[in-house]
Every structure is written in structure tokens, then in C-alpha cells.
Amino acid sequence: MRNHYSAWSLLRGALTGHRHWSPAWPEAKPKPAYDVIVVGGGGHGLATAYYLAKNHRITNVAVLERGWIGGGNTGRNTTIVRSNYLYPESSRLYDFSLKLYEGLSAELNFNIMLSQRGLVLLAHSRHDLDAMSRWANAMRMNGIDADLLSREEVASLVPGLDMSPGARVPVLGGFTQRRAGTARHDAVAWGYARAASQLGVDIIQNCEVTGFTQQAGHVVGVETNLGSIRAGRVGIAAAGHSSVLAGLAGFRLPVTSYGLQALVSEPLKPLLDTVVLSPGTGAYLSQSDKGELVIGAMLDLFPSYAQRGSFAITQSILAGVLALFPAYARLKMLRQWAGIVDVVHDSSPIIGRTPVPGLYINCGWGTGGFKGIPVGGWTLAHALATGENHPLAEPFQLERFQTGRLVDEAAASGIAH
Amino acid sequence: MSAWRLAEPFGTLIDRSQPISFLFNGRSLTGLGGDTLASALLVNGVRLVGRSFKLHRPRGIFSCGIEEPTGIVDLLDGVRRTPNVRSTVVEISPGLAAESVNCWPSVRFDLGALNGWFAPLLPAGFYYKTFKWPNWHLFEPTVRRMAGLGRASLTTDQDRYEEVSTQVDLLVVGGGIAGLAAAIASAEAGARTTLLCAGAAPGGGLGAQGDPAVAEMIAKAGRAGVTVMPRTLAFGVYDHNLVCASEQLAGATRGPGVLRERLWKIRARSIIAAQGAFERPMIFPGNDRPGVMLSGAVQRYADAYGVACGRRIVIAANCDSAYRVAQRLRTAGIEVLAVLDRRPASHIGTHAEGVRTLASSGIGKVLGASSVKGCLTVAAEGPSVRSERLDCDLILSAGGHAPAVHLHSQAGGKLRWEAEASMFVPDGPAPGLYSVGACAGVFSRQAALEHAADVGRSLALGFTVPPAPVGGAGRSLASTRIAGVRGKAFIDLQNDVAATDIGLAALENYRSIEHLKRYTTTGMATDQGKTSNVNALVLMGELTQREPAQVGTTKFRPPFAPMTLGTLVGRRVGSLYRPLKHLPAVQWHAAHGALFEHFGNWSRPAAYPLAGESLNEAAQREARCVRQSVGLFDGSPLGKLEIWGPDAAQFLDLMYVGTMSTLRVGQARYGLVLNANGVVVDDGIVARLGEGHFWVNTTSAGVERTAAAFEEWLQCEFTNLKVFVTAVTARFANLTVSGPRAWEALAAIGFDAAFSPQNMTHMSLREGAFGAIPLRVLRASFTGELSYEINLPVDESGGLLEMLMAAIAPLGGCLYGIEALEILRTEKGYIHVGTDTDGTTLPGDIGFGRAIDGKRANFVGRRSLLRPAARDPQRLQLVALSPADGRTLLPCGAQIAALNPPTATEGHVTSSYWSPSLDAPVALAMLARGGERQGEHVGVHHLGRRIDAVVVKAPFIDPQGERLNG
Amino acid sequence: MMRIPCIVCGLRDENEFTCGGTSHLVRPAIDASDRDWAEYLFFRDNPKGLHHERWRHTQGCGQWFNLVRHTLTHEILTVYAMTESPPR
Ligand SMILES: Cc1cc2nc3c(=O)[nH]c(=O)nc-3n(C[C@H](O)[C@H](O)[C@H](O)COP(=O)(O)OP(=O)(O)OC[C@H]3O[C@@H](n4cnc5c(N)ncnc54)[C@H](O)[C@@H]3O)c2cc1C
Ligand SMILES: [Zn+2]
């Protein structure tokens with residue numbers, strides 16, 4: 001039996017030298033066969049395994065992770081969670097996710113540090129104001145909280161913005177989703193892993209899928225560096241590496257992999273209490289609980305699997321940050337990295353069947369799938385368990401690229417999601 | 001006070017004739033020229049500098065370089081404040097003021113230190129296990145206030161930064177003897193060689209000792225033509241041998257506008273990394289106490305700054321270099337009580353004369369709270385030896401070395417574990433980058449010099465580069481912890497990660513080195529693990545029965561040391577951040593009262609308010625004026641392309657929804673540009689100037705995109721077409737005269753009758769002249785009034801504006817800005833691409849379905865319009881809306897829903913203005929099935945308010961279009 | 001930041017260029033099936049390895065050209081003209 005986490009268990013640890021803790025998830029060796037195999041131990045893969053066990057009572061499940069769990073984009077992102085989407089399809093999906101996030105620490109018995117500190121989007125022109133009005137109204141029609149902010153309200157929520165008359169990037173106002181915020185990325189991966197393994201899921205690290213076993217056109221297992229493993233059904237949740245896996249199974253995806261950078265400053269005393277997003281400059285930032293400013297960037301716009309990022313982009317994103325916050329010039333960048341994101345034309349995910357029977361996929365979240373982890377896991381688990389698409393995922397099928405029924409949030413709102 | 005200033009030859013970097021006073025926590029102290037803040041603090045006996053991150057334990061200066069984890073301060077300078085500065089790398093200057101971080105009310109009496117009492121409750125990752133109920137966000141403010149180190153200021157930084165790009169054959173990073181040797185050899189072999197050194201001068205550790213051989217090397221480097229860049233730290237290696245470095249300038253100068261730092265982007269044919277090695281701390285209880293310092297640092301303080309950091313020292317050692325330090329410090333008159341060597345006697349490869357050495361032993365306890373008062377020894381193995389008390393005031397930590405493999409790893413190099421010396425060394429070169437000296441794991445002086453010179457020469461001449469003769473450091477144990485010793489021993493000094501935390505991580509299966517880092521925060525401090533990573537991974541390996549090589553290292557990421565954002569951004573600040581474009585006659589407009597606003601990358605007049613008028617009032621007046629008499633508009637940003645070539649017409653047919661090949665010379669036509677996905681991305685007017693010559697207007701915001709798309713189609717897809725696209729936006733100004741009296745105004749100042757409405761119809765273009773000014777005059781209209789879009793050379797625009805102004809003034813005309821234009825075009829129901837349309841709008845949605853059906857030729861995007869989604873009857877379509885009460889303005893962005901039965905959102909308001917001509921609101925909207933809903937009442941929802949509106953027929957004004965003809 | 005060999009100007013820094021994605025896509029005729037059209041518009045090999053792609057020297061001569069580039073190491077192997085077929 002695994003430990004329950006609470007202040008009391010900590011106190012007990014304090015008195016006994018913290019020797020009573022058990023592994024958050026035990027190291028597992030692959031069994032010869034599973035009912036379901038999930039490829040990719042990021043947030044989406046781990047959540048999928050958890051909901052398979054929890055919602056569908058399918059516990060003979062393995063998550064196969066090439067490296068260490070949460071080591072992909074889940075452990076590299078800027079941790080913003082929100083559900084400020086224009087279209088009802090997206091709203092439903094992302095707000096379902098946010099609601100799951102709201103209960104997740106309690107459900108997983110793991111503090112994922114959800115901090116609903118609110119998100120402020122900056123309007124830099126009257127055109128932006130109109131676009132944000134559309135956006136906020138659409139959200140409200142979809143039953144999601146949103147408010148427009150005056151220039152003064154923005155200034156008080158976001159100290160340090162250049163509000164001077166000559167500002168190169170003037171701030172005219174903005175809009176906020178107060179339920180938005182951040183969560184601790186590692187904790188989301190670990191929390192799901194711990195809860196899933198408690199329900200019997202095997203979490204197998206350092207296990208890379210190198211091929212799919214097919215019989216009569218059906219996927220019946222996977223090849224890995226640890227040998228072949230049979231499976232009733234297989235789900236892929238490999239983000240930037242989705243195309244590689246699809247290639248192994250013999251089909252293509254409407255995905256291009258790009259590097260997406262992020263960076264942090266050195267830790268500082270509280271400076272910024274909300275998440276700030278400036279579509280005009282492409283900059284977005286928040287301050288972590290540790291005190292680091294977490295700064296996100298735009299894509300390195302060429303296909304890449306290198307998790308580095310181009311210096312030119314680092315510079316241009318920081319230039320955007322300083323245009324907004326000139327005082328930040330004396331702060332220091334501590335660390336910069338990149339993740340490989342799976343970008344599709346309409347910046348909306350793909351969750352459901354693939355052209356290969358027995359094989360399901362969850363990908364295409366691109367630059368914004370951290371917030372989608374709970375719902376991504378929930379809906380992929382549904383597909384794996386039932387063979388049917390979850391209603392929330394129905395609009396997010398591969399077929400939409402043929403019919404043209406894209407759910408193009410980015411195109412409509414003008415910001416990358 | 002146990003520190004003092006040593007006599008010469010110690011203190012090679014300081015200027016004893018130059019006392020400098022500075023402030024530390026408000027106290028005035030004095031140092032010498034050349035001192036770093038750390039050396040100056042040390043010599044003043046300041047031991048307690050700051051507080052640690054989590055437990056607020058007392059922290060002092062630990063190292064002598066960029067790896068400093070604890071001697072962190074905020075630097076103040078008037079309004080300027082630089083948080084989290086490593087005291088070990090700033091040189092002091094008169095008036096410098098520093099403040100301790102992470103403590104309140106003061107560094108001595110820090111309330112946060114109470115955390116220390118609760119330390120047992122706060123093991124690694126404690127926050128994952130609690131604070132869940134009712135909601136983390138409730139606890140968060142308290143935690144956040146406790147966390148963080150320095151404080152940032154919110155005052156705009158006054159300093160300047162700049163950036164220089166350069167190329168070299170060979171770039172050597174690191175100015176120690178290995179770097180010098182490599183640079184000399186390379187330059188002597190004829191390669192353009194640059195050497196970066198982080199300090200004020202090259203020479204490294206030996207240079208600081210005043211070694212004459214080093215001085216000779218520096219001179220030789222100069223003679224060989226090596227470009228030496230002092231105070232320049234390489235912080236990142238990027239693709240294709242780009243090295244980024246920052247140069248510190250104006251160390252002592254202060255005041256607004258000072259050039260503070262310079263960013264160097266250096267493209268090198270080859271890179272040599274020679275940054276040496278970092279010393280690895282020993283793990284023992286109390287190893288975080290102020291007064292425990294790295295041994296090499298203590299020697300460096302003596303050598304370079306003449307600072308004796310203590311009087312009576314004990315060295316906790318795991319390497320031979322500790323004995324050289326002991327020897328050196330003894331010559332300085334510092335008493336070395338003992339070297340407690342963690343290694344068995346058999347591993348010890350050297351000794352120090354007159355220094356007591358205890359093999360297989362270490363420190364069991366450090367005495368003293370905020371400084372070191374002594375220590376208790378402990379035996380590492382064998383029959384238990386009695387613990388002994390040593391009354392020292394300084395403890396040196398000498399755990400061996402960790403080569404600075406950062407740049408090597410950033411460049412994609414691999415590492416291997418060198419078991420004898422217990423260190424990770426480069427496993428061969430990285431692509432384009434070769435390591436020499438200690439950072440390659442080469443510790444013997446002679447071998448390092450020879451190898452480095454060999455590498456420099458080989459790279460210069462294109463020979464095969466010899467492998468590094470790794471070795472010379474002697475033997476070191478991987479783990480320096482002594483089993484069974486109780487007490488808190490720290491791995492990461494800044495983040496308070498103790499050995500027990502690593503144990504907890506192992507217990508809970510956070511065994512991957514990346515999990516370990518993230519779970520315990522070891523290596524996440526501002527030194528990014530330079531002093532902690534190796535110890536952490538060795539310990540994790542020990543606890544999980546794995547070799548260090550199996551545990552591996554975390555990824556080395558740029559920057560090598562924290563980099564000022566100002567430096568990274570350089571001059572891309574203020575008005576140089578994405579510089580705005582201005583109208584050619586910007587001064588003229590300013591003089592005529594223009595209120596400028598940003599429209600995309602253009603600064604343009606939104607309106608020309610009269611005294612006391614608001615923007616909105618001005619726009620109303622201007623719009624009314626255009627409808628009633630005449631207005632003058634500067635449309636110079638309008639996108640302008642010329643398309644040339646025998647296949648130009650065919651090409652434009654491919655690019656536009658409209659058919660352009662049937663245009664006669666002088667005729668103009670409106671067209672939509674789609675992308676391959678069928679989405680409307682631009683619109684504008686195409687006019688034929690000649691058989692194979694067209695004039696194309698795009699939107700102001702879209703011209704670059706459209707020109708780029710045309711080029712891409714031409715160069716990549718329709719490669720058989722003979723067509724040239726020339727972007728001429730910047731060559732032609734565009735002045736538009738619009739209104740019923742437009743021609744009257746032009747005629748009044750002598751415009752040729754050829755341009756009169758009689759001789760020139762709507763949608764035609766005519767070339768001509770006005771006086772000596774060549775013109776291309778287009779009759780097209782975005783206002784719905786008789787309009788002349790006059791294109792002319794940019795330089796002439798100020799002059800013509802002046803004349804046009806004189807022409808319209810007597811007619812009661814006025815200048816109008818973008819706002820008025822928006823009102824006018826909305827009254828007419830003309831779309832603005834990007835405002836009424838978005839990235840999902842297809843031509844059929846805005847009334848171009850018929851035009852498409854009628855067109856023969858294929859065009860870009862056409863196939864996409866045949867997909868089911870494009871033919872969905874539920875699509876949003878452009879409509880006009882009026883409020884049911886005829887008075888209430890419909891807010892832009894409001895959502896539209898059917899009234900009966902009420903539905904979810906079915907569309908939104910895209911443009912909405914008060915029409916001065918109708919004295920009523922006018923609006924455009926995108927509405928599902930909009931085309932068939934005329935007359936329907938709908939609800940317009942804005943922030944919880946509902947306004948009833950009616951779908952009406954556009955345009956609101958002049959449905960027959962009679963006014964277009966004047 | 002890569003250095004890209006413009007087919008006209010020679011080596012220049014990456015930020016002078018625009019990447020146009022996969023090269024050698026064959027544009028189907030107007031009567032292609034929805035499926036073929038979708039393949040052309042959206043579906044890509046997206047290899048982790050060598051990729052034939054096109055770039056434009058946007059802030060320079062304006063020329064489009066093809067590259068063979070490794071998407072993991074970013075090493076550039078060959079440059080060739082838009083109208084040339086991929087090197088063997
Ligand atoms: C810099 C950056 C900032 C971001 N910011 C945000 C943000 O603020 N908000 C937000 O919502 N989203 C953000 N995102 C996006 C978000 O991180 C991702 O969409 C999300 O984490 C994807 O989760 P995942 O589980 O699908 O993928 P990952 O976490 O990448 O997991 C996929 C896993 O699959 C494994 N894998 C791959 N191939 C194989 C194989 N063959 N065999 C076995 N395992 C394999 C990988 O090792 C990896 O661990 C950001 C992304 C980046 C890179
Ligand atoms: Zn070029």
C-alpha cells in the first residue's frame with residue numbers, strides 16, 4: 001500500500017526521519033502482454049493510463065516511456081492552464097480539462113500546485129481591443145468566465161508595464177480569464193503516474209517503442225528496446241515524436257515538429273502575480289512559485305527535433321519582454337531550453353482513431369497541450385477502452401483535414417495556442 | 001576578524017594605492033582597486049552575506065568565480081537595481097552599494113530563519129504532499145514571499161547595451177594557460193584567432209600567482225596576433241559554431257546612458273573550449289556554514305587579491321590539489337592545522353611539507369553557527385579513531401574537480417566518466433568544438449600545454465586533432481560522504497538540498513537524474529549545479545547501486561552563467577524594437593494636428609482632432625465632411641506591387657479570385673487573395689498598366705505577406721511563368737481625395753481634364769502628371785464617394801499634400817484619418833480583411849460565391865473551396881446589422897444569437913460605428929446562414945448585456961452606388 | 001542559430017531566411033479527391049533525420065531554394081535550385 005500524502009504524513013516523516021515513504025511509482029519491467037499499451041510517458045500518456053484504470057477499470061496497462069516520465073514537453077512547458085477559446089468545440093474541451101485540473105490535487109492526492117492567479121491578455125491596439133471583445137464574449141456565451149479590462153485595470157494587475165505615452169508597444173487594455181493560471185508541470189506527470197500505478201498500471205521508463213506488431217492490418221503489439229510486448233490496443237501520446245511513431249505504423253500525420261523555446265530568469269521576490277500574454281509581441285510570462293520569471297517564446301519556424309532553440313528567437317522574444325517591461329533589463333536569464341512540439345494547421349489536437357485498426361492517437365496539441373492533459377487523457381482513454389470517440393473529441397478527428405472542418409482557433413484569434 | 005590583506009607577491013590583481021569605499025547593507029567598507037566585491041567583503045571580515053533559499057540558513061562566500069552559489073547580493077545604484085549578483089564576479093567601484101538577499105529584516109536577524117526549525121517538515125518536495133486543501137492558491141502567497149532571492153526594481157533601466165557580430169577562424173574560450181597555448185599556436189600557424197577570457201586579463205590561476213611563464217605567454221599571444229577579449233564570457237554555443245558571449249563594459253562608470261554590456265555573436269570555423277574545471281565540494285555535516293570555502297577559491301583570494309580568508313584552516317580533501325593549496329597558503333603565513341583526507345593513504349599522491357595529514361578521515365561536525373569556530377574530525381573507515389577537535393576559523397573544501405564541460409555539451413558533445421579522478425570528461429570532441437586543459441580533463445601542466453598547442457595548430461592548419469591526454473589529477477573518490485556520520489550535509493548550498501533529500505528522492509523513485517533535480521531542486525539554483533551536480537548524481541548512484549556514468553548528467557543548457565536580459569536584447573529596445581514605419585510626410589501631418597496611432601507596423605493618423613475634440617468626435621466630423629464635400633487622406637501605406645512579364649495576366653488569374661486577364665489597359669478590378677486553404681488573406685485592386693504590366697494594391701498590413709506569397713508561388717510552383725513581382729510600396733506615396741467635390745478640388749488646382757469623372761470612369765487607372773510630378777491616378781473608392789487615389793513619388797508627397805489641402809479648404813474639405821475611413825467603409829458595407837474576416841473566412845462567406853462559380857481558370861485556394869466544410873450551409877456570412885431601437889451602438893466583438901428560439905452563439909459583430917450621415921449606428925457582422933436571414937431580429941450579447949438588432953441589407957448608404965461617380 | 005548557404009549569396013545567418021517547409025510536394029489537379037488534396041495540404045513525413053525543404057533568403061536576395069537538412073543535428077548537406085530534382 002502506498003502512502004497517503006498529507007500534512008500528517010509529513011509530520012510523521014519529520015518524527016521518523018522520512019524513512020516511511022514508498023516509491024511514488026514503482027519501477028516496472030514489461031510483462032509479455034497488456035490489454036492496453038500507451039506509448040509516451042508525458043502528461044497525456046500518463047493521464048490516459050490513469051483514466052483507463054479509473055474510468056474504465058482497465059488496469060492491465062503499461063505506459064512505455066523512452067526516457068524518464070514527464071521528460072518531453074510536459075516537463076519543459078511554461079505551465080499555463082486556461083480555457084479561453086473561441087469556438088464551442090474548443091471551449092468544451094479545454095474547460096472540461098480546466099475543471100479536471102481544479103479537482104486534480106485532491107483526486108490524485110498530489111499537490112499539482114494549481115494556481116488560478118488569472119491570465120491577462122494585453123491589447124496593444126484598438127483592433128486588439130475589438131478582437132478581445134469578440135473573444136471574451138464568445139467565452140461568456142460558452143459559459144466560461146472572461147472580463148474585459150481597461151488600461152488602468154491592466155496597469156494595476158500587471159505592475160512594471162511600460163504605460164508611458166511614448167511606449168513602443170502601448171497597452172490599451174486587455175482581457176482576463178480569472179480561472180486561468182499555472183500548475184506545476186512535473187507534479188502533473190508524477191501525480192498521474194503515482195495514481196495510475198496505484199491502480200495497477202505499469203510505468204516503464206527507458207523503454208523506446210521501435211515498431212508496431214501488426215496482424216492482418218491490426219496493431220497487436222509493439223517492438224521496444226526491451227523486447228516485443230503484445231497489446232489489445234495501443235495508444236500513442238508522443239507529442240513532437242508523433243510522426244516518427246506514425247511512420248513506424250505506416251501512416252502519416254498532418255503534423256510538423258518544431259522547436260518551442262522557453263527560458264527562466266533567476267529567482268526573484270514576488271514581482272508579477274498573474275500570467276501575462278501579449279499576442280502582439282509573442283511574449284508570455286509568469287512568475288513561478290520559486291520566483292523565476294518563466295518566459296515563453298514563439299516557434300523556431302523550421303522543422304526540428306533538436307531540443308535547443310535558435311538564439312535569434314531567444315533574442316526576439318526577450319526584446320518583446322523588454323518592450324513591455326523595460327525595467328526587466330537588469331534581470332538575468334538563468335536557463336533556456338526548447339521542446340519539440342507537434343504543430344497542426346489548425347492548432348487543435350487530434351484525439352481518436354488512426355488509419356490503422358487497434359491504434360489510437362492523441363497529438364497535435366502543439367504549443368498548448370499542458371492545459372489539455374486531463375482531457376487528453378480522459379478522451380484517449382475513452383477511445384482505447386470503447387473503440388469509440390469520446391463526444392468531446394468528436395470534432396478533433398483526423399478526418400477534419402479532408403472535410404476542411406478545421407477548428408482553427410489561432411486563425412480566428414490571431415494567437416498561437 | 002580573522003581575515004587580512006597579505007603582503008606582496010600576493011595580490012597580483014589589486015592596486016594597493018587605490019582604496020575604494022563601498023556600501024554593504026548600508027555599512028561603509030573599504031577595498032582596493034581590482035578587488036571583487038567578494039574579496040573586499042572577505043578582507044573586511046564579512047562572513048555572513050545572505051540567506052539560503054528554503055531554510056534561510058546563513059550563507060557566506062563559497063567560491064571565487066561564476067560558480068558562486070551563496071555569496072549573492074543585490075547591487076544598488078540610484079534607481080538602478082541589479083538583483084542576484086554573484087559577489088565573486090563584480091569588481092568594486094566607488095559608490096557601489098550591495099544588499100543581502102532573501103532575508104528580513106536583516107541578514108543577521110532573519111525571520112525566515114524560523115524555517116530552519118521546521119526543516120524536518122520540509123524535506124525535498126514537501127509541497128507536493130501537502131497544501132492541497134482547500135486550494136494551493138491560498139498558501140501560495142506566503143510561499144512565494146519566502147521564495148525568490150533578490151528584489152527587482154520596476155524603474156526603467158537607463159543603461160545601454162549593444163551587439164556585435166564577427167567571424168573568426170579559431171575562437172578560444174578561456175584565458176588560462178591551456179587557452180593561451182592553443183591561441184598562440186593557432187595564431188602562429190596563420191589563423192585569425194580570438195581568445196575570450198572572463199576576467200580582467202588572461203592568465204588564469206597560474207597567472208594570478210604571478211607565474212612569469214604566464215606573463216611570457218600573454219606577451220607571446222600579443223606578438224602572434226591573437227585578439228584577446230578580456231571581461232568577455234562565452235555563455236552559449238549554438239548551431240553551426242555560433243558562440244555568444246557578453247563583454248562587461250563601464251565597470252566603474254555609472255549614470256544614465258552608459259554602455260553597460262556588449263553582446264558578441266562570434267561565428268568561428270572551430271572553437272576551442274578551455275574554461276578549466278570547477279572544484280567539487282566535500283560532503284560533510286555543516287558544510288554549508290559561512291567559513292567553509294572551496295580550497296581553490298581560498299588560494300585564489302590569496303594569490304590574486306592578497307586576501308587571507310582565515311588564520312587557522314582545516315582542509316577537507318579528496319584530491320591531491322588540496323596539498324598544493326595547503327603549501328601555498330602556508331607560504332602566505334596561514335596556519336594549516338590539518339588536511340583531513342577522505343581517501344585511504346594509498347590514494348594520496350602527494351603531501352604538503354609540515355602539514356599534518358589524516359588519511360581516511362573527514363569532518364564529523366562544524367562548530368559555530370553563522371561562522372566557523374572549529375570542527376570535529378571523524379574517521380572514514382577502519383577501527384574507530386577518536387574524534388578530535390580542531391579550532392580553525394576556516395574550512396577548505398577540496399573534493400576534486402569537475403571539468404567545465406558546459407560548452408562541449410551544449411555543442412552536442414558526449415561525456416564519459418573518468419573513474420580514477422571521479423569526473424565527467426568530454427568523450428572526444430563535440431561537432432566543431434574541441435576541449436583543452438582542465439576542461440578536457442587534462443590536469444598536468446605540461447601535458448595540457450602541449451596538447452592545447454597541438455590542437456590550436458592542427459585546427460589552424462586543417463590537420464587531424466589529437467585526442468586529449470586525460471589525466472594528471474591524481475585519484476579522487478566519487479563519494480566523499482562518510483557513512484554513519486550524523487548531521488545535515490548539503491549538496492546544493494543555495495537551494496538547501498541536503499544529502500538526506502537525495503536519499504528521499506531515491507526512496508521515492510525519483511532516480512533519474514532529471515527527476516532528482518526537479519524533485520529536490522538540486523542543481524536548479526543560480527549556479528545551475530556547478531557546485532552540486534556531480535555530488536548529487538554520485539550520491540544518487542551510491543544510493544541506487546549505479547555507477548555515476550549510469551546515472552548520467554542533466555542537460556547543460558545555455559547560458560553558461562546568468563545573462564542580463566538587457567545584454568541579450570542589445571539595441572532592440574524602445575523605438576528600435578520592431579521600428580515603426582512612418583508616412584513620408586509625417587511632419588506635415590503632425591503639423592496639421594494628426595493624432596497618430598499604431599496600425600500594424602505603421603504609425604498613422606487616426607484622426608485630426610481640432611482643439612477640444614476627442615478622437616471619436618473628430619472622426620465623426622471628418623466622415624461627415626467626406627460625404628458632404630471632400631476629404632484628403634494619406635494612404636501611402638497601402639500595399640503596392642508591380643507585376644511584369646508576358647505571363648503576368650495569367651499569373652494574376654491564379655493569384656486572385658477575380659479574373660484579371662480580361663482587364664483592358666487602364667481598367668481596374670477588385671480581387672480577393674486566398675491561401676491554399678481557400679481562406680481570404682488579402683484583397684485589393686488590380687489595374688492594367690500595359691499588356692504585361694499590372695499595378696496591384698494590397699492591404700497595408702498584408703503587402704509583405706502577399707508579395708511573399710506571390711514570390712513563393714512563382715519561384716516554387718508556377719516556375720514556368722515569366723513574371724516579375726516588384727514591391728513598390730516605399731516608392732509611391734498615395735494621397736486620396738474623396739467626396740462629391742473631389743474633382744472640383746482637383747480641377748481647381750489644375751489637374752488635367754483627362755482625370756475628370758467624364759474622361760475617367762470608376763475603376764480605372766490613368767498615368768499622367770501634375771506639373772512635373774508623374775502620377776498614377778486610380779479611380780477606386782473605399783469610402784463610397786467619388787475618389788481619386790493619387791500615387792506619386794514619395795518625395796513629392798509633402799508638396800502635393802500642401803497643394804491639395806489648399807484645394808479642398810475653400811470647399812469646406814478636411815483631412816481624414818483611419819477612423820473616419822472605417823466609418824465610411826462600414827456605411828458602405830465594404831469589408832476590411834482581417835477585421836470583418838479572420839483566418840477562417842472563405843470567399844463565399846463574404847459574397848463572392850457567384851464570382852467563383854463564374855470563373856473558368858483555376859486559382860490558388862480553389863480546390864479547398866470544394867470541400868464539404870466550405871459548402872456547409874451553416875457557415876458564417878457577412879451581414880449588416882442595425883440595432884432594433886435605432887440608437888444603441890452594437891459593440892464590436894459582441895456575440896449574436898437567435899432570439900426565437902434562443903441559441904448558442906451564431907456569429908459576432910465585426911465592425912460597428914456611429915454613422916454621422918445617418919445619425920444612427922451601422923454595423924457589419926458574420927452570422928451563420930446570414931445571407932438568408934434578412935429582416936430577422938437577433939440578440940447581440942456583450943458582457944452579459946443583450947441588445948436586440950435586425951439583420952438588414954448592406955450598404956447603409958447609397959445602395960445604387962451613384963455617389964461613386966461623383 | 002544556423003548558417004544557411006543561400007544559393008545566390010552564400011552563407012548567411014538563419015534569421016535572414018524563411019523556411020517554407022517540405023519541398024517537392026506535387027500539387028494535385030483541381031479534380032483530386034478530398035483525401036489527396038488533404039495529403040498535399042497537410043500530411044507530411046516530418047522525418048527525424050534528413051529533410052528536403054525549401055527556404056527563402058527573405059532579408060537578402062529573395063531567392064527560394066532547396067536544402068537537405070538534418071532535423072536533429074541541423075546539419076545542412078546540400079543546396080540546390082528550386083527547379084532541380086532532389087540529389088541522389
Ligand atoms: C517551451 C514550451 C512551452 C509550452 N507552454 C505551454 C503552456 O504554457 N501551456 C500549455 O498548455 N502547453 C504548453 N506547451 C505545450 C505542452 O507542453 C505540450 O502540449 C504537452 O506537454 C504535451 O504533452 P504530451 O504528454 O503529449 O507530450 P510529452 O510530454 O512530450 O510526452 C511525450 C513522451 O513520449 C515519449 N516518446 C517519444 N517517442 C517515444 C517512443 N518511440 N517510445 C516511447 N516513448 C516515446 C517522449 O520521450 C515523451 O516523454 C509548451 C510546450 C513547450 C515545448
Ligand atoms: Zn541570397
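**View 1. Polar contacts between chain A and ligand 1 in the predicted model.** A polar side-chain atom of Thr78(A) is placed 2.6 Å from an oxygen atom of ligand 1. Two further contacts are made through the backbone: a backbone N or O atom of Lys371(A) lies 2.7 Å from an oxygen atom of the ligand, while a backbone N or O atom of Arg66(A) lies 3.1 Å from one of its nitrogen atoms. On its own, ligand 1 has 1,000 Å² of accessible area, and the protein covers 97% of it.

**View 2. The shell of residues around ligand 1.** The shell holds 38 residues, of which Glu65(A), Asn73(A), Thr74(A), Thr78(A) and Lys371(A) come nearest to the ligand. Sorted by class, the residues of this shell are 15 nonpolar, 18 polar and five charged. Helix 2 (43-56), strand 12 (255-265) and strand 16 (332-344) of chain A are the elements that give two or more residues to the shell, and strand 12 of chain A gives the most, with three residues.

**View 3. An open five-stranded sheet in chain B.** The strands of this sheet follow the order 37-38-39-36-40, and their pairing is antiparallel. Strand 37 (668-674) and strand 40 (724-727) of chain B each have a single partner strand and stand at the edges, so one side of each is left without a neighbour in the sheet. From one strand to the next, the twist averages 30°.

**View 4. Strands 36 and 39 of chain B, with the helix that packs on the sheet.** Strand 36 (residues 639-644) and strand 39 (residues 693-698) of chain B pair in the antiparallel sense over six bridges, and within this part of the sheet Ile643(B) stands opposite Phe694(B) of strand 39. Helix 19 (residues 703-717) of chain B packs on the sheet and touches strand 36, strand 37, strand 38 (680-690), strand 39 and strand 40 of chain B. The direction of helix 19 makes about 20° with that of strand 36 of chain B.

**View 5. The fold of chain C.** Chain C contains one helix and six strands, which follow the pattern β-β-β-α-β-β-β when read along the sequence. The C-alpha trace of chain C spans about 40 × 25 × 25 Å along its principal axes.

Note on methods
Residues are numbered from 1 along each chain as its sequence is written. Chains are lettered from A and ligands numbered from 1 in the order in which they are written. This is a predicted model: local features need pLDDT of at least 70, side-chain atom pairs count only at pLDDT 80 or more; totals for chains, interfaces and linings use all residues. Side-chain values use heavy atoms; hydrogens and water are left out. A residue is near a molecule or strand if one of its heavy atoms lies within 4 Å of it. A polar contact is a pair of N or O atoms within 3.5 Å; within protein, one must be able to donate a hydrogen and the other to accept it, and residues adjacent in sequence count only if both atoms are side-chain atoms. Accessible areas come from the Shrake-Rupley method with a 1.4 Å probe; for residues, only the protein chains shown count as cover. Helices (H or I, at least four residues) and strands (E, at least two) are DSSP runs, numbered from the N terminus. Ala, Val, Leu, Ile, Met, Phe, Trp, Tyr, Cys and Pro count as nonpolar, Asp, Glu, Lys and Arg as charged, and the others, Gly among them, as polar. Two strands pair if DSSP finds at least two bridges between them. Axes are lines fitted to C-alpha atoms, for helices over the stretch in contact, and angles run from 0 to 180 degrees between N-to-C directions. Contact means heavy atoms within 4.5 Å.
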